[in-house]
Amino acid sequence: MDDLDTPWGAILRPRTKVTWQRFRTPLKFFVVGIANTLIGLLAIYLCKWLLNFGDSLANFCGYLLGLSVSFLLNRGWTFQHSGPMLPALLRFVVIFAFAYLINLGTVLVAIHGFAVDGYVAQALGIAPYTFFFYLGSRYFAFSPKSKNLD
């Protein structure tokens, strides 16, 4: 007998659904982040290996592709935004720029302010970047309310 078939099931069932609903969007955002990271990194490596691009140009191309994948997947799958694409893209790029600056600030403060190893500092910068990028994407770039801004 399943626990949800008991009298307690009526109490537990709605809560289970609410919990899943609460974590579905952040989980999708995380999956998209993994996908765009892998795609961007693959693009960087291919640009260096096949096209003989230097590090900076390969990095730029990889990040451009990764950010494009992130925008398209987050717009269509994670947040299911149906408003106009160009204004959402501009808001997304603004959010990305701020998230990147938060990441960079975290890394530099960790290195220069607290003498944290550079590799560790890079890892520490991921959490604030991801947190800000998620909130900005959800509540600004792809918010249902953002349709009124377009």
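Reader: What does the secondary structure of the protein chain come to?

Author: The protein chain has five helices and zero strands, and its elements run α-α-α-α-α from the N terminus on. Helices here are DSSP runs of H or I with at least four residues, strands are runs of E with at least two, and both are numbered from the N terminus. This is a predicted model, in which local features need pLDDT of at least 70 and side-chain atom pairs count only at pLDDT 80 or more, while totals for chains, interfaces and linings use all residues. Residues are numbered from 1 along each chain as its sequence is written, and side-chain values use heavy atoms, leaving out hydrogens and water.

Reader: Why is Ser70 called buried?

Author: Buried means under 20% relative accessible area, exposed means over 50%, and partly exposed lies in between, with a 1.4 Å probe and protein chains only. Ser70 has a relative accessible area of 3%, so Ser70 is buried. Its place is in helix H2, residues 55-78. Apart from neighbours within four places in sequence, Ser70 is in contact (heavy atoms within 4.5 Å) with Val32, Asn36, Arg75 and Phe92. Of the 150 residues of the protein chain, 27% count as buried.

Reader: How do you know that Asp55 and Lys48 form a salt bridge?

Author: A salt bridge needs a side-chain nitrogen of Lys or Arg within 4 Å of a carboxyl oxygen of Asp or Glu. The closest N and O atoms of Asp55 and Lys48 are 2.4 Å apart, so the pair meets the definition. One salt bridge is found in the whole structure. Asp55 counts as exposed because its relative accessibility is 53%, and Lys48 is partly exposed at 33%.

Reader: What makes the nonpolar surface patch?

Author: Trp20, Leu27, Phe30, Val31, Ile34, Leu38 and Trp77 make the patch, which is about 720 Å². Patches take residues with over 30% relative accessible area and no salt bridge, joining like charges within 9 Å and nonpolar side chains (Val, Leu, Ile, Met, Phe, Trp, Tyr) within 5 Å. Areas come from the Shrake-Rupley method with a 1.4 Å probe, and for residues only the protein chains shown count as cover. Helix H1, residues 9-49, gives the largest share of the patch, six residues. Ile34 lies in helix H1 and counts as partly exposed because its relative accessibility is 42%.

Reader: How do you know that the span of helix H3 is close to the expected one?

Author: The expected span is 1.5 Å times one less than the number of residues. Helix H3, residues 85-114, has 30 residues and reaches 42 Å from its first C-alpha to its last, close to the expected 44 Å. H3 is followed by Ala115, whose phi is positive, near 55 degrees.

Reader: What covers the buried residues of H3?

Author: Buried residues of H3 include Ala88, Phe92, Phe96 and Val107. Their cover includes H2, helix H4 (118-124) and helix H5 (126-141).
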